Amino acid sequence: MSTFQAPKGTYDLTPPRSATFLAVREVISAPLRDSGYGYIETPGFENVELFARGVGESTDIVTKEMYTLTTKGGDQLALRPEGTASVLRAALEANLHKAGNLPVKLWYSGSYYRYERPQAGRYRHFSQVGAEAIGTEDPALDAELIILADQAYRSLGLRRFRILLNSLGDKECRPVYREALQTFLRDLDLDEETRRRIEINPLRVLDDKRADVQKQLTDAPKLRDYLCDACKAYHEEVRALLTAAGVAFEDDEKLVRGLDYYTRTTFEFVHDGLGSQSAVGGGGRYDGLSEMIGGPELPSVGWALGVDRTVLALEAESVELDLPATTSVYAVPLGEEARRVLFGVVTELRRAGIAADFAFGGRGLKGAMKSANRSGARYTLVAGERDLAEGVVQLKDMESGEQSAVPLAEAAAELAKRLG
Ligand code: ATP
Ligand code: MG
């Protein structure tokens, strides 16, 4: 193993691809920022207890995928495997829910860690942009979040994604369904671990990705047939609001998702160009989570979109984001005096808000012009001794190839004018 290799299941973001990741985070969060969601940032690790209680002791995330550590002081911590529990914890700690302004709408962006088997689209370190609306039960809020995620993916230029929608019921109807499902599952031919899962969290068995398990589930009782009237009405309202907004979705009664805390609305965004790691994002309502972690009753809803898989989806659809050129002007000095003068012009341009770069290291004209080309700059400024003696710099338009002498004192203003 080379010393320069990133840890297994991780990768670095380096230019130019890293620019796409930044842009994706920007585009995904834009609709949230325009819809009353405030930015929140929480630590990269939490007390392990938060996830054990919040995400659930019966989930793969907690039992298999969490990076846990004991500090020198004896604290049990875990690198965060997801965002919702942390965001809710932080909102409760800051008493945001008591400011008399519900729902508390928050968005976040960051790194998450899961000890998984690395494969295409599945990493041990990945990044998400997420949103949570805390403290309000209103089908319009569920619809808002789904609509904003749809808007985000659309404005990225993605087309081949689908929205899967389901309702998981609430504390009235889900227990009844749970029991019916358990009775059905106990008669199936399943391995030990899955049998244990039937007793702890039978809904998760529906989420099993193995074909032989899925085949046996064809006649499993459907949650839809067990939803209470309140859950049914709520779900119908969410569906109607999405339809009215022109957001297409597919009812998927097997969609349960891997976290324990979901109630009622659950949804997943899948992309058809990604093979088996097809989920680009997901979320749902989690009315019981606050109480599970020791807080008051705060019905809430949220989602998290995976940035890594979203970038893979863009690549699968050959979508090129319209990334602004990082450098507008590239300065190439020929000789010591020109270095000092052009470095001054570059500083002036930057202070005027024009992205400019400079041929460092005293290279010759040829190498420096190559760098100018590679920078994507629209204009280069070249100056040698003779230009300086005449008080000019050579301004070259890299698109047309046109070159003209511009008085040194006017170079910055001329460039500002040309770049609009
Ligand atoms: P999967 O079923 O693929 O394991 P999940 O249900 O565990 O996904 P969530 O916890 O809902 O995923 O996280 C939301 C999004 O974060 C996913 O849709 C995905 O885009 C991304 N994501 C989750 N785990 C990973 C991972 N290990 N590597 C890359 N992205 C991930
Ligand atoms: Mg997972």
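Modeller: Here is a run through the labels and the values behind them.

Colleague: What should I know about the ground rules?

Modeller: This is a predicted model, where local features need pLDDT of at least 70 and side-chain atom pairs count only at pLDDT 80 or more, while totals for chains, interfaces and linings use all residues. Residues are numbered from 1 along each chain as its sequence is written, chains are lettered from A and ligands numbered from 1 in the order in which they are written, and side-chain values use heavy atoms, with hydrogens and water left out.

Colleague: How many helices and strands are there?

Modeller: The protein has 15 helices and 16 strands. Those are DSSP runs, numbered from the N terminus: helices are H or I with at least four residues, strands are E with at least two.

Colleague: Why is F269 called buried?

Modeller: Buried means under 20% relative accessible area, exposed over 50%, and partly exposed in between (1.4 Å probe, protein chains only). F269 has 0% relative accessibility, so F269 counts as buried. This residue lies in strand β9, and its contacts beyond four places in sequence include I146, Y153, F161 and V280. Contact here means heavy atoms within 4.5 Å.

Colleague: Why is N95 called partly exposed?

Modeller: Its relative accessible area is 35%, so N95 is partly exposed. N95 sits in the loop between α4 and β5 and also has a positive phi, near 55°. P103 is in the loop between α4 and β5 too, and the peptide bond from L102 to P103 is cis, with omega near 0°.

Colleague: Why does R17 get the label partly exposed?

Modeller: R17 has a relative accessible area of 31%, so it is partly exposed. R17 belongs to helix α1. Leaving aside neighbours within four places in sequence, R17 touches Y11, V311, L312 and E315. R17 and V311 are 294 residues apart along the chain, yet their C-alpha atoms are separated by 9.4 Å.

Colleague: How do you know that the span of α6 is close to the expected one?

Modeller: The expected span is 1.5 Å times one less than the number of residues. Helix α6 has 13 residues and reaches 18 Å from first C-alpha to last, close to the 18 Å expected. Its buried residues include Y177, L181 and L185, and the buried residues of α6 pack against α7 and β9.

Colleague: What makes a group of residues a nonpolar core?

Modeller: A nonpolar core is a set of buried Ala, Val, Leu, Ile, Met, Phe, Trp, Tyr and Cys residues joined through side-chain atoms within 4.5 Å. The largest one has 46 residues, and L181, L185 and I134 are among those touching the most other members. Helix α4 gives the largest share of this core, 6 residues. Apart from it lies another core of 40 residues, among them F21, V129, F249 and L314. In soluble globular proteins, nonpolar side chains tend to be buried together.

Colleague: How much of the whole protein is buried?

Modeller: Buried residues account for 49% of the 420 residues.
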